[in-house]
Amino acid sequence: MMLALEMYRSPAKFLAAKAVGGRIPGILTGPAAPLRLVTINEPKADRDGWARIRPILSGICGSDLGMVTGSTKLYFSAVVSMPFVPGHEIVGELLDDCEDLPKGTRVVMDSVLTCAARGVEPCAGCASGNTNRCDRITVGHVAPGLQTGFCQDTGGGWGNLLVAHRSQLYAVPDGLTDERAVLVEPLAGAVHAALRAKIQPGQSVLVSGAGAVGLFATLALRELTQAGRITVVAKHAKQRELARAFGASDVVAPDEVFRGVRRSTGAFRLKPDFGAGEFLLGGVDVAVDAVGSKDSIDTVLRVTKAGGRVVLSGMPASGADLSPVWFRELEVTGTYASAQLEVNGRPAFETALELAGRAPLDGIVGARYPLYRWREALDHAHSAGRLGTVKVAFDVRAS
């Protein structure tokens, strides 16, 4: 038996969170939360290539908050299996030998449950190394689940134990602290986003959002591409400070985006009638949305030059105005998780482990909570930007 936070199906709580969560944030970790701290059976690692992992730290991701708050789209309900233990950003210790990895090895985990993990023949995505595009995430000997942390059979990082397949695991170098290692999974996502952006030397880039997704995207863009000017949209003082430390050329507030991009690119700024949103003729070469909100997506679409590229790294909301996509012939690119064979010929996790070792990440994990303080942890994560925190994590060892 083990202690874990369990997400369970509750249509009433889902609807309540969706209806009032944005106006009364405290309700999201109170009576409307479809989450409970329970003692449940440990998941089993009873097939070849699988092993048990004891989580050390497990991060709280925006997608985790989305499922608690009811903002996650029902589109994803077909690729999860409930009840499940959340938590896909982990550093943990192997409790079993796992092929070439001995018991006791510290590991991080690529959470996507691919064909290899499910024991089925590789789909086109997996066969090409684009494992994040796996078409078999609902079949095989594992319950449906796009990732560990959304699957009934595997457990997740918000519990005392989970199971993972060898194909998901990467050994953590001895010199890398747990606080840095727990950031490898979101860093891998940033690596994937930076490479998918296809930045040409000297191109201008806008990153909308300076939470973990936006800051890590900024870092990866600066480290892995030959981008020219990188402008980051940041709301809070600590975010502005970190954006510059991670490689931003300019940092602007949300209400300064159009003015700042117009000034830096020489674009024309237009204001349509009747309060319709302003837009630019001209603008940045590439824009990265790292928030997923309607306002953020509208912004990146309206400040990207004709023929430019917009990269969606945040889980997108509905309601964005797609007029600029048509009128300015924009290329819209999605980025989900990371691949085991990126366009640079390497797994994103290998590059992310290197970034985690050398980037200025001290203090990025700004708060750690035991599982029994989960309501405080989620409240903190929900207000992280305002509180000057980038990443909140569960300290599972203290639970």
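Two strands pair if DSSP finds at least two bridges between them.

First, the ground rules. This is a predicted model, where local features need pLDDT of at least 70, side-chain atom pairs count only at pLDDT 80 or more, and totals for chains, interfaces and linings use all residues. Residues are numbered from 1 along each chain as its sequence is written, and side-chain values use heavy atoms, with hydrogens and water left out.

Now the overall picture. The protein has 13 helices and 17 strands. Here helices (H or I, at least four residues) and strands (E, at least two) are DSSP runs, numbered from the N terminus. The C-alpha trace spans about 60 × 45 × 40 Å along its principal axes. What about the radius of gyration? The protein has 21 Å, and a compact globule with 399 residues would be near 21 Å, so the two agree. That radius is taken over C-alpha atoms, and the globule rule is 2.2 Å times the number of residues to the power 0.38.

Burial next. Of the 399 residues, 57% count as buried. Buried means under 20% relative accessible area, exposed means over 50%, and partly exposed is in between (1.4 Å probe, protein chains only). Contact means heavy atoms within 4.5 Å.

The record, an unreviewed entry, lists "domain: Alcohol dehydrogenase-like N-terminal" for residues 48-174. Its "domain: Alcohol dehydrogenase-like C-terminal" covers residues 212-353, again from an unreviewed entry. UniProt positions are in the numbering used here, feature names are shortened, and annotations may be inferred rather than shown by experiment. Residues 48-174 are 13% helix and 20% strand, with end C-alpha atoms 27 Å apart. Residues 212-353 are 36% helix and 23% strand, and their end C-alpha atoms lie 16 Å apart.

Let's go to strand 13. How many of its six residues are buried? Six of six. On one side of the pairing list, strand 8 runs parallel to strand 13, joined by four bridges. Leu 206 stands opposite Ala 287 in strand 13. Strand 14 also pairs with strand 13 in the parallel sense, over five bridges. There, Val 284 has Thr 304 in strand 14 as its bridge partner.

Helix 10 takes in residues 294-302, and seven of its nine residues are buried. Those are Ser 296, Ile 297, Asp 298, Thr 299, Val 300, Leu 301 and Arg 302. As a reminder, an α-helix has 3.6 residues a turn, so residues three or four places apart point the same way. What covers the buried residues of helix 10? The cover includes strand 8 (205-208), helix 9 (257-265), strand 12 (279-281), strand 13 (284-289), strand 14 (304-312) and helix 11 (323-327).

Now some single residues. Start with Asp 178, in helix 5 (residues 178-181). Why does Asp 178 count as buried? Because its relative accessibility is 15%. Its side chain makes a polar contact with the side chain of Arg 106, at 2.7 Å. Another polar contact, of 3.5 Å, joins the side chains of Asp 178 and Arg 397. A polar contact is a pair of N or O atoms within 3.5 Å; within protein, one must be able to donate a hydrogen and the other to accept it, and residues adjacent in sequence count only if both atoms are side-chain atoms. Not counting residues up to four places away in sequence, Asp 178 touches Ile 56, Leu 57, Val 91, Arg 106 and Arg 397.

Thr 335 sits in a loop, between strand 15 (331-334) and helix 12 (348-358). Thr 335 is buried, with a relative accessible area of 13%. A polar contact of 3.0 Å joins its side chain to that of Ser 313. Beyond its neighbours within four places in sequence, Thr 335 is in contact with residues including His 192, Ala 193 and Arg 196.

Two glycines to finish. Gly 119 lies in the loop between helix 3 (115-118) and helix 4 (124-127). Is Gly 119 buried or exposed? Exposed, because its relative accessibility is 57%. Gly 266, in the loop between helix 9 and strand 11 (268-270), counts as exposed at 56%.
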